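Keep the sequence and the coordinates side by side.

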Amino acid sequence: MTQQHRNEFIAVAGEHLPIVDNTDVAVVGGGSAGVSAAVSASRNGARVTLIERYHHLGGMASGGMVLVLDDMVNEGNEIVTTGLVTEVVERLEMQDAAVYPPPEDCLTNWEMWRKWSRWGCIDFHKTGMPQPIVHAVAFDPDAWKRVSLDLLKESNVNLRLHSWFSDVLTHDGQISGVIVQTKAGRQIIRAKMVVDATGDLDVGAAAGTSYADGQFIVTTVFRLCDVDTDRAESFEYANPEKYKKLDRAARREIGGAWGMWWLKTPLPGVVWCNCPHMPGYDGISVEHMVAAEYEGRKRMMKLLAFAQKNLPGFENARMLGAAEQMGVRQTRLLRGEYVVTREDIKSRRYFADTVCRGRDYYTPYRALLPKGLDNLIVAGRHYSADSEAQKLSREIPPCMVQGEAAGIAVTLALEAGSALRDVDYQNIQKRMRAQGADPGDRPSPNALIDNNPLAA
């Protein structure tokens, strides 16, 4: 398509669209943050409708196959990302679909490294070797889909899959409903409160809220089966220098990867490859995403051929399949009531209105609130942060805690008949604590506590 064609427009006549639901809260996006928001809001008494474009729930944790939960612990293996994420892990474990180290194995030595590093249960922020073993969870993506469906059904959330967000209806500074595209045509879901859990700020952008454009690497994640992981690990540890050379060559074949390009999963013989790293692609652009699909699949097959030929344990490996969703890490970023900065993350800055936290960083309530809209809140990687801060704080567990906080916030606003920005953050913190989540209101000893005012 030429640039000339892209700049041509056609006026479309007005539509008469059916209203298919009237709800208290519409959560747009059924990823991990959206599921958390929907369950949290429903458990706190709201009538909730969750809208998702795919046939499954879980977002990057399921369709995107990001198969390790990390960013969950502060120094000393203090588990700080809790609440619904803990409940999900417990449900996965009941289905033999989650693997994580017991507290007594969370040490820094080579024995534990050999036992747990290929599960991804390491503090990847530490540069020294061996890196500490920490609380992180390897899991199965299909089990995540099942658990998500169970949570919604048990919480009486009205689920609308196969519904692609299209536009918003606004009235007097509020969103009065969302329009979705379905096989049956365009439909309206009216709502008093809206949670944007799209990952790309789709709802906020349609409603005209301020945002910044961001971009980071994208990835077509994939899995290989019929891998002899015991043989692969034995070779790695018995021949460290030879393995390092082969590993570097493998990463050249894939064209960019994290330090460990393959990790074990709860399914025997199945390994997860969180690669290739592909910079320069815009996650909003159809043309870019199509190009990334072609490029990613070409690279993964190239890596498979190399591994079969050169890596012990991978001789009989086969392609199990690529993720259903492209791994897009950054696109639109909200410019909300507060913009979290890289310095906030790196210095572990504590905020009085913290309502969720990740590893050793704190997220203020204001960073979930757009300016100029009374009844919209965001949850997920598109929250109000600058690009560098977002790269350090976009993992699945903290986004789930954002969703849990957002679900509480909308119910408090409904109860009070108030705008979201007028909700008392202390009440959010109290309800988070009451339902087993850590809102970050009690800073860890290594937090930076200064006089940053709420008006900052």
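Start with E241 and K244, which form a salt bridge with their closest N and O atoms 3.7 Å apart. A salt bridge here is a side-chain nitrogen of Lys or Arg within 4 Å of a carboxyl oxygen of Asp or Glu. Both residues sit in helix 8 (residues 240–254), three residues apart, so about one helical turn separates them. Helices (H or I, at least four residues) and strands (E, at least two) are DSSP runs, numbered from the N terminus. E241 is exposed at 52% relative accessibility. K244 is partly exposed at 44%. The cut-offs are under 20% relative accessible area for buried, over 50% for exposed, and partly exposed in between (1.4 Å probe, protein chains only).

A note on the basis: this is a predicted model, in which local features need pLDDT of at least 70 and side-chain atom pairs count only at pLDDT 80 or more, while totals for chains, interfaces and linings use all residues. Residues are numbered from 1 along each chain as its sequence is written, and side-chain values use heavy atoms, leaving out hydrogens and water.

The structure holds 35 salt bridges. Another of them joins K192 to D24, at 3.3 Å from N to O. K192 lies in strand 11 (residues 185–196) and D24 in strand 1 (residues 19–28), so this pair ties together parts 168 residues apart in sequence. D24 is buried, at 18% relative accessible area.

Now turn to R359 and D360. Their salt bridge has its closest N and O atoms 3.2 Å apart. R359 is buried at 11% relative accessibility, and D360 is buried at 10%. Salt bridges with shared partners link D71, E75, K126, R348, R359 and D360 into one network.

What about the nonpolar interior? The largest nonpolar core has 92 residues, and Y365, I377 and I428 have the most contacts inside it. Such a core is a set of buried Ala, Val, Leu, Ile, Met, Phe, Trp, Tyr and Cys residues joined through side-chain atoms within 4.5 Å. Helix 12 (residues 396–416) gives the most to this core, with eleven residues. Apart from this core lies another, of 25 residues, including I254, W261, L303 and A317.

Finish at the surface. V286, V290 and Y294 form a nonpolar patch there, with about 350 Å² of accessible area together. V290 lies in helix 9 (residues 286–310). At 43% relative accessibility, V290 is partly exposed. Patches take residues with over 30% relative accessible area and no salt bridge, joining like charges within 9 Å and nonpolar side chains (Val, Leu, Ile, Met, Phe, Trp, Tyr) within 5 Å. Accessible areas come from the Shrake-Rupley method with a 1.4 Å probe, and for residues only the protein chains shown count as cover.
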